[in-house]
Amino acid sequence: MTPKEAVRTFPHRPGVYLMKNDEGTVIYVGKAKDLRKRVSSYFLSGRDVKTSALVKHIASIDFIVTISEGDALLLENNLIKKYMPKYNISLKDGKSYPLIRVTNEPFPKVFKTRNRISDGSLYFGPYPSAGLVDIYLQMVKELFPLRRCTGKLKKRNYPCLYSHIGLCKAPCVGKITEKEYAVYVDRVKEILIGDADSTAGFLKSRMEEASRNWEFETAARYRNFLTSIAAVTENREVMDYDPTARDYFACASENGATVFCVLQIRDGKLSGKELFRFRHIVDEEEALGQFFLQFYGETRLPPAEIYTGITVDTLPVTEALAEKCGCKTRMLSPSTDRDIRLTKMAKQNCLVDLDRQRSGEAAAEGLKALKEIFALPKEPQRIEGFDIAHLHGKYTTASLVSFLDGRPDKKNYRHFNIKTLHGKIDDFESMREATARRYMDLVNNNLPLPDLILIDGGLGQINAVYEILQSLGIENRVALLSLAKRDEEIYRPHCSRPVCLPKGDPALRVLQNVRDEAHRFATSFNQELRRKGTGL
């Protein structure tokens with residue numbers, strides 16, 4: 001499967017993609033809100049010179065699914081620094097994201113930084129949006145009267161201006177004790193670790209009150225504070241500052257297929273994902289123990305901690321790993337929010353891979369069944385489907401959808417405004433016009449024909465289209481079928497007896513997918529024309 005073909009199996013989920021060359025070297029790392037849409041865009045026509053040069057060197061593309069787009073952004077940054085990809089270095093190498101630091105001193109300060117110092121301070125983040133961090137810190141200044149002076153706290157005879165305007169409790173002149181000051185600091189910490197309900201409720205009530213009083217600028221400021229709280233408390237699975245080396249394992253099985261996923265945390269950063277596929281695993285617990293002993297060895301030593309959501313007898317496995325690798329490790333069940341989230345993320349990557357396997361195998365099985373059932377010369381790699389939509393004879397349109405290897409190939413979708421009916425309702429003639437325009441163009445320009453044409457309808461529709469194919473001299477070069485909605489009957493040209501496949505048959509599922517997509521595409525275009533025609 002080529003990289004372009006593989007992208008059609010990518011999920012519509014946020015994540016990071018890694019493009020590799022023939023030698024398996026990562027040459028580009030990118031992040032996406034929607035992995036399939038973003039990576040597919042690299043293979044569209046009209047690319048710029050830089051993108052064309054990149055695409056020429058792509059041999060394979062891997063991806064890691066993340067919980068959110070923010071996590072994808074941070075993971076992209078980690079992986080760029082790890083792999084130093086050729087096509088990333090000039091733009092993104094060395095980039096760091098902001099942190100919030102709570103200093104380690106009797107009267108701590110809270111501020112934004114991009115550097116981490118091992119002095120006992122607490123660090124929260126990183127955060128992909130520096131602007132939202134600034135808004136959050138502005139809220140901290142307004143709600144919590146913490147000190148703002150630079151350097152270490154010095155005793156003064158008189159407080160600074162911030163104390164006079166109510167923005168600092170002036171610990172420099174002893175107006176607040178360490179215990180009283182710690183209450184404010186603890187509240188800031190609670191918000192940063194996710195316990196922000198009370199503060200968010202307070203801000204929301206202030207926002208609503210300001211809005212009722214027509215103080216819209218003030219209301220907008222409180223709204224921005226609420227947004228910033230959501231940003232700084234959003235889960236960050238891909239980076240923390242725990243130096244302990246950790247691996248997170250998950251497993252998922254379906255219909256005899258099993259996938260193991262390993263997420264590796266090194267130096268507090270998610271540094272990579274590995275997937276392993278197996279067949280016919282009966283006992284996940286037993287299989288996981290075997291997997292650990294095969295996965296770790298002299299060239300891949302186990303980390304200090306291994307987390308898995310599967311209940312296993314840890315003692316025999318850890319003893320075997322210690323004997324094999326000469327180092328100790330602990331196997332743990334996830335209990336903290338961080339470990340539960342990372343184990344969940346590993347599980348999601350397993351499920352995505354199973355889904356890719358399932359859809360690919362189902363499509364392959366369906367295409368093979370179509371070839372056998374209808375005696376086609378080969379499996380129908382390219383299928384084109386047609387449907388008609390209209391509103392009482394107005395805005396009549398035809399849709400053409402294209403499927404490649406059993407999956408939608410949307411760049412080859414087409415719409416046709418039907419021009420020959422002049423308000424009449426005639427699905428046969430509409431189908432004739434749409435297919436004539438499509439295949440006359442392919443024949444005249446010597447372009448490849450599809451392996452199979454699928455018409456939405458019954459015997460009348462398929463015979464109408466067959467006449468068009470005959471007039472173009474291609475009736476023996478492309479297979480033709482129609483699928484009637486009512487009883488899912490499959491017709492062949494000039495054959496009044498339909499083929500009725502059982503519900504769930506792989507061949508029928510392929511045809512249903514093409515028919516349903518053609519119907520959706522025709523209806524959406526017809527609705528667009530109606531809106532334009534009515535001015536709505």
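Guide: Start with cysteine 168, which is buried, at a relative accessible area of 9%. This is a predicted model. Which cysteine sulfur is closest to the sulfur of cysteine 168? The closest belongs to cysteine 160, at 5.3 Å. A disulfide needs two cysteine sulfur atoms within 2.5 Å, so this pair is too far apart for a bond. The structure holds zero disulfides. Cysteine 327 is partly exposed, with 22% relative accessibility.

Now look at leucine 161. Leucine 161 lies in helix H7, which covers residues 161-164. Is leucine 161 buried or exposed? Leucine 161 counts as exposed, at 60% relative accessibility. Together, Leu161, Tyr162 and Ile165 make a nonpolar surface patch of about 310 Å².

Next come the charged pairs. Side chains of opposite charge can pair when their charged atoms come close. The structure holds 16 salt bridges. One of them joins the side chains of arginine 382 and aspartate 409, with N to O at 2.6 Å. This pair links distant parts of the chain, 27 residues apart. Arginine 382 sits in strand S12 (residues 382-391), while aspartate 409 sits in the loop between S14 and S15. Aspartate 409 is buried, with a relative accessible area of 4%. A network of salt bridges links Arg382, Asp409 and Lys411.

In helix H14, arginine 432 and glutamate 429 are three residues apart, about one turn of the helix. Their side chains meet in a salt bridge, 3.3 Å from N to O. Arginine 432 is partly exposed, at 22% relative accessibility. Glutamate 429 is partly exposed too, with a relative accessible area of 29%.

Helix H16 (residues 506-534) holds glutamate 517 and arginine 520, three residues apart, about one turn of the helix. These two form a salt bridge, with their closest N and O atoms 2.9 Å apart. Glutamate 517 counts as buried, at 12% relative accessibility. Arginine 520 counts as partly exposed, at 39%.

Last stop: a pocket. The second largest pocket has a volume of about 500 Å³. How many residues line the second largest pocket? The lining has 15 residues, and Arg8, Arg36, Ser40, Pro408 and Lys410 lie nearest the centre. Helix H2 gives the most to this lining, with three residues.

Technical notes
Residues are numbered from 1 along each chain as its sequence is written. This is a predicted model: local features need pLDDT of at least 70, side-chain atom pairs count only at pLDDT 80 or more; totals for chains, interfaces and linings use all residues. Side-chain values use heavy atoms; hydrogens and water are left out. Buried means under 20% relative accessible area, exposed over 50%, partly exposed in between (1.4 Å probe, protein chains only). Patches are made of residues with over 30% relative accessible area and no salt bridge: like charges are joined within 9 Å, nonpolar side chains (Val, Leu, Ile, Met, Phe, Trp, Tyr) within 5 Å. Accessible areas come from the Shrake-Rupley method with a 1.4 Å probe; for residues, only the protein chains shown count as cover. A salt bridge is a side-chain nitrogen of Lys or Arg within 4 Å of a carboxyl oxygen of Asp or Glu. Helices (H or I, at least four residues) and strands (E, at least two) are DSSP runs, numbered from the N terminus. On a 1 Å grid over the protein atoms alone, a cavity is a set of points where a 1.4 Å probe fits but cannot get out, and a pocket is an open set with protein on both sides within 12 Å along at least five of seven lines; lining residues have an atom within 4 Å of a point. Grid points are joined across faces, edges and corners, and a volume is the space filled by probe spheres set on the points.
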